[in-house]
Amino acid sequence: MNIKATHRSTAARAAAVTAQEAAGFLAEHLGRQLLAITVGADPSSVDRWARGTSKPQLAPERRLLAAYAVWQVVAEVEAPATVRAWFMGMNPQLDDLSPAEAIADDRSRDAIAAARAFVQGG
């Protein structure tokens, strides 16, 4: 697999989705509570974003779209239940933080790199 091609396709997919679509998808697949922790918001805000009755502020939106991009990378090779577990698990590439915690700490690039490494078998 070509890493540069994967990078471009991941970035293109993340750019093509709206915050509302990402919130709805991730709330369904990660769960409202985990998504709220990941983006630094409360579950009721996640619900409003998913319904389209409000929009996230800039920082939570960046985290939301990063989480969506990370999901898409891992979902290329794993089932949704495994991707969710991967989001919650300690990751040595992230100093033993989970990818969800890394994104919450504004380490989205590190989380995407960890996702790519996971997909590559590393």
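I looked up Trp86 and Phe87 and found that both are buried, where buried means under 20% relative accessible area, exposed over 50% and partly exposed in between, with a 1.4 Å probe and protein chains only. I note that this is a predicted model, in which local features need pLDDT of at least 70 and side-chain atom pairs count only at pLDDT 80 or more, while totals for chains, interfaces and linings use all residues. Residues are numbered from 1 along each chain as its sequence is written, and side-chain values use heavy atoms, with hydrogens and water left out.

Next I turned to the rings. I found 5 aromatic pairs in the structure; rings of Phe, Tyr and Trp (its six-membered ring) pair if their centres lie within 6.5 Å, and planes under 30 degrees apart count as stacked, over 60 as edge-to-face and the rest as tilted. Trp86 and Phe87 form an edge-to-face pair, 6.0 Å centre to centre with 85° between the planes.

For Trp86 I noted 11% relative accessibility, which counts as buried, whereas Phe118, at 28%, counts as partly exposed.

Lastly, I recorded that ring pairs link Phe25, Tyr68, Trp71, Trp86, Phe87 and Phe118 into a cluster.
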